[in-house]
Amino acid sequence: MVVGILHQAFDEYANRLSREARDEWAKIHGRYVDLPVSLAGEEQVLLIAQAIEGEKPSAPSRAAITIAAAMRGGLASEGLAAALAACWPLHPLVAVLLGSISRRRFGQSQRSIFGFLTSAEPYGLQSHLRDPAMVGQVYGPDQLWDYLRANLEPAILASPDGHRWSTALDAVERCEARGGGGDHLLVLKTLALLDLFKDRSGLSATEAVLASAMPEPEGLGEILADLTKWSVTVFRRHIGAFALYAGSDFDIDSAVAEARQAGVAVDYRRLAKQAGLQPVLAKRHYESTGALRWFEVDLAPLHEAQDRVRAYKPAPGSAGLFLLLVSGQGESERQAKVITRAAATVGGDAVVVAGWTRDSFRVRDMALDLAALEQVRAHRAELLGDAVGRREVDAQIARLSADLEDRLSVALDVTDWASPNGAPKGLSTAGLAGLAGLSVMASDLADWRYPSSPRLRNELVNRTKPSSNAVAATRALLRAMVEARGEARLGIEAYPPEAGLFVSLIEAAGLYRLEGDRWVFGGPDRTDPANLNPLFDAAEAAIRHSDKPMPVSDLYALWRAPPFGVRDGLMPILAVAFLLSLQERAAVYLDNVFRPQVDTFLVDRLMQEADAIAFRWIDMSETHVTMVAELSSRLSELGEPVAPTALDVAKTLVRHVRGLPNWALRTQTFSPEVLAFRNLAKSSHDPNQFLFQETPPVFSPPSRTLDGVELADHIVSAWKTLGEAYPAMLDGLMAHLFSELRVREPRGDLSALQRRAAALKSASGNYRLNALATRLETFRGTLDDMEGIASLAASKPSREWVDRDVDAARIELAALAQQFLKTETFNRGAAGGAGRTAFAIYMSDPSFPAPMAPELDLDADERRHADALALKLRALLDAEAQSSAIALGALAQVGLHLSSDHMKLEPVS
């Protein structure tokens with residue numbers, strides 16, 4: 001003999017199972033004999049009266065006497081009335097109904113009664129006693145209604161009383177919609193409770209019973225008339241009591257059975273969302289690395305397993321998937337295990353753990369019930385005008401969804417998991433069940449998938465999507481890293497948020513340390529407490545092997561992927577720390593343009609657009625090292641000190657070339673090698689590429705490769721040639737001008753030239769000649785003075801000069817000089833002041849094609865030389881003792897030849 005003591009009916013323990021399972025329980029129930037042990041209604045009242053302590057009324061109230069008589073079929077009962085009065089502050093109706101409610105399917109006998117009396121649930125007795133407004137007031141039936149609706153409505157709807165409860169709810173809502181006041185609702189809620197739980201209480205909703213619930217029962221007749229007129233209540237003459245108007249006769253069980261018989265399909269994706277399967281956290285992995293990783297949990301039928309695994313794409317931040325498989329087509333356990341192992345091998349790079357639950361059939365049956373209910377709700381026309389029926393269906397859908405969610409949690413405990421493809425043999429899934437076991441498995445999988453994950457414990461930024469405050473702290477730290485390098489704690493005072501990031505990420509990882517008397521950034525040390533060496537080594541290798549600048553976004557993708565799995569919040573801090581530790585060996589680019597230094601603008605752009613920033617490795621051979629050292633030494637001798645680094649040398653060369661005068665940047669008068677060197681420096685946006693890849697081929701002959709010293713010789717020679725070209729060009733123009741102006745010592749005393757220009761100024765009426773004279777009057781022989789005169793001659797400012805402008809200036813200077821001399825000669829006042837002498841000679845000879853009439857002018861110095869030469873010629877003629885005619889003829893012949901040579905040299909004006 002088997003004896004069981006139960007709090008509820010046998011089949012109530014299976015009320016959350018599927019329909020087929022409940023039928024099986026009912027069959028088992030039939031093998032037993034029920035012996036209910038339950039207190040009678042009056043005993044329940046006595047129990048409640050004894051449980052409530054405190055001051056009680058000295059005599060039964062009118063309501064207690066009325067209810068006691070109604071329970072005894074109209075006969076007075078002083079003892080029962082006294083017991084009901086002893087239940088104060090409970091209204092006698094409430095005291096009676098509590099016993100009936102506790103014996104319903106959703107109740108648990110005396111446990112439910114004492115739960116109501118002692119719990120702090122909304123609208124319960126304790127809530128009533130704590131409300132100052134309710135002092136001295138009874139706890140009425142309307143409050144009991146509110147208590148049931150707030151705390152037990154889902155359980156009631158899921159019970160056999162669900163239909164009648166839905167009817168009562170509909171009646172209350174229609175009363176409120178009609179404008180029913182407080183007394184209307186008080187009567188209606190009391191009537192609803194009596195209609196629902198009148199069994200075993202002996203009470204009916206008679207006028208007398210309803211009146212006992214009202215403080216002032218005089219208006220009860222009008223209230224009942226209103227409720228009847230509104231089709232909320234109906235009077236049952238055969239029992240002499242009121243009842244709720246039955247607004248629905250929809251049979252949910254029959255409708256669900258028809259839907260299942262017609263065939264329904266289970267949408268497992270939707271079912272998984274409805275069930276709200278929570279991700280599994282890799283807690284141990286989080287404790288060791290500081291990175292919170294989770295695995296998604298999804299649901300699929302066995303026949304879709306491989307397709308679902310192949311199509312899986314991890315959500316942002318997800319480390320993988322636990323796929324719970326259900327026998328959707330009745331597959332056996334052996335078939336399920338074969339399919340599960342096959343599904344675990346097709347995941348590719350994604351970590352997918354497939355598992356078949358031994359609770360498949362129960363989950364599938366509950367899922368079919370839920371699908372059938374949803375189909376009834378969506379397609380049964382009878383429900384369109386039946387609010388009560390719709391409420392019942394919705395309640396059952398909600399209950400079954402909650403039950404299914406609980407069932408899936410249980411199903412995880414009885415699931416056989418298959419290790420993902422490529423997992424090590426030591427990774428076992430045997431014996432791991434429930435959420436705790438899945439968390440252990442998730443940590444093992446995370447450790448296997450991300451063995452090189454950095455160990456950085458900071459919850460503020462070690463996450464996929466940091467908060468706005470975390471982003472602000474990250475930006476403040478990055479700015480301190482580039483602005484306050486060399487200062488202790490990066491100059492951060494006190495403990496703002498960025499100080500916490502610095503201590504937990506930079507300082508704890510050993511990336512910022514004291515070397516000698518300087519604080520510097522460096523790579524991880526040998527102890528490497530944060531496990532950053534694999535991360536930095538992989539980044540360095542990737543940049544080294546890239547044939548072009550590597551965007552930081554690509555670096556992020558490398559770090560984000562296995563075996564590192566770095567969270568997005570850490571990326572900017574690690575990227576800047578990596579760059580600063582390798583700054584002499586890595587070049588930085590912003591929008592494909594080289595950045596000579598890492599500054600706040602760069603890190604701000606890095607925070608906003610990682611793909612706008614790029615790194616490039618500077619790989620130096622022995623020849624390059626020698627060349628850089630030689631160039632540093634020689635350039636330092638020629639100007640300011642240049643550090644022996646590729647970046648400083650390249651910046652010095654490029655800055656020198658780009659600082660040349662515009663003519664030097666345009667002229668084509670240089671050798672091909674110098675021209676090529678200049679053009680490369682002008683257009684280069686990558687100093688390292690310019691120095692190591694582009695410049696050496698310019699100077700290296702085809703037959704051999706130059707060594708570092710030879711390359712430095714050629715580069716410095718080209719550097720000097722470019723720097724000296726413009727001054728040399730201006731010196732040439734100055735020498736040409738002075739030659740045309742008959743200035744014998746252009747670098748000597750220029751006072752004579754200045755006096756000549758001052759005497760000539762404003763005397764010619766030629767504006768350009770006057771402009772030349774004005775400039776010559778203050779001429780000091782500097783390149784700036786000559787640049788001004790050349791600009792006058794070329795009719796262009798020097799910044800716009802090209803080669804043809806210099807040639808035109810040379811010709812124009814000669815012409816202006818000749819005009820200067822002529823004006824000086826024929827302007828007697830000016831000439832006299834300047835000590836010049838003018839000559840005009842006319843000569844003709846048949847052997848010459850045309851007569852000669854040279855016009856000459858000599859300054860005082862030239863006149864002295866001419867006078868000395870004339871004395872020598874006179875002495876020679878006297879020595880020959882020839883006649884004057886012969887002597888003049890000889891002088892004329894000499895004059896013709898000299899005039900011919902002079903005319904050949906005379907520039908065309």
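## Aromatic groups

Phe-502, Tyr-512, Trp-519 and Phe-521 make up one aromatic cluster. Across the whole structure, a search finds 16 aromatic pairs. Tilted is the geometry of the pair formed by Trp-663 and Tyr-726, with 6.2 Å from centre to centre and 45 degrees between the planes. This pair joins distant parts of the chain: Trp-663 belongs to helix α30 (residues 662–666) and Tyr-726 to helix α33 (residues 708–740), 63 residues apart. Rings of Phe, Tyr and Trp (its six-membered ring) pair if their centres lie within 6.5 Å; planes under 30 degrees apart are stacked, those over 60 are edge-to-face, and the rest are tilted.

Trp-663 counts as buried, because its relative accessibility is 5%. Tyr-726 is buried as well, with a relative accessible area of 9%. Buried means under 20% relative accessible area, exposed means over 50%, and partly exposed is in between (1.4 Å probe, protein chains only).

## Basis of the model

The model is predicted: local features need pLDDT of at least 70, side-chain atom pairs count only at pLDDT 80 or more, and totals for chains, interfaces and linings use all residues. Residues are numbered from 1 along each chain as its sequence is written, and side-chain values use heavy atoms, with hydrogens and water left out.

## The chain as a whole

The chain holds 40 helices and 15 strands. Helices (H or I, at least four residues) and strands (E, at least two) are DSSP runs, numbered from the N terminus. Of its 909 residues, 45% count as buried. Among contacts in the chain with a separation of 6 or more, 67% are between residues 24 or more positions apart. Contact here means heavy atoms within 4.5 Å.

## The five-stranded sheet

Five strands form an open sheet in the order β3-β4-β5-β6-β7, with mixed pairing. β3 (280–281) and β7 (415–418) stand at the edges with a single partner strand each, so one side of each has no neighbour in the sheet. Strand β4 (residues 294–301) pairs with β5 in the parallel sense over eight bridges. Two strands pair if DSSP finds at least two bridges between them.

Helix α15 (residues 268–275) packs on the sheet and touches β4 and β5, its direction making about 135 degrees with that of β4. Helix α18 (residues 333–343) lies across β5, β6 (352–357) and β7, and runs at about 175 degrees to β6. For these angles, axes are lines fitted to C-alpha atoms, for helices over the stretch in contact, and angles run from 0 to 180 degrees between N-to-C directions.

## Ser-318 in strand β5

Ser-318 lies in strand β5 (residues 318–326), and Trp-294 stands opposite Ser-318. Ser-318 counts as buried because its relative accessibility is 10%. Its side chain makes polar contacts with the side chain of Glu-296 (3.0 Å) and with the side chain of Tyr-312 (3.4 Å). A polar contact is a pair of N or O atoms within 3.5 Å; within protein, one must be able to donate a hydrogen and the other to accept it, and residues adjacent in sequence count only if both atoms are side-chain atoms. Apart from its neighbours within four places in sequence, Ser-318 is in contact with Trp-294, Glu-296 and Tyr-312.

## A hairpin and a four-stranded sheet

Strand β8 (residues 512–515) and strand β9 (residues 518–521) run antiparallel and are joined by four bridges. Arg-513 stands opposite Val-520 in β9. Two residues lie between the strands of this hairpin, where Gly-516 takes a positive phi near 70 degrees.

Another open sheet has four strands in the order β10-β13-β11-β12, with antiparallel pairing. Its edge strands, β10 (550–551) and β12 (593–595), each pair on one side only. Strand β11 (residues 586–590) pairs with β12 in the antiparallel sense over three bridges. The bridge partner of Tyr-589 in β12 is Phe-594.

## Charges over rings

Arg-293 lies over the face of Tyr-450, 4.2 Å from the ring centre. The charged end of Arg-489 sits over the ring of Tyr-495, at 5.4 Å from its centre. A charge sits over a ring if NZ of Lys or CZ of Arg is within 6 Å of the ring centre and within 35 degrees of the ring normal.
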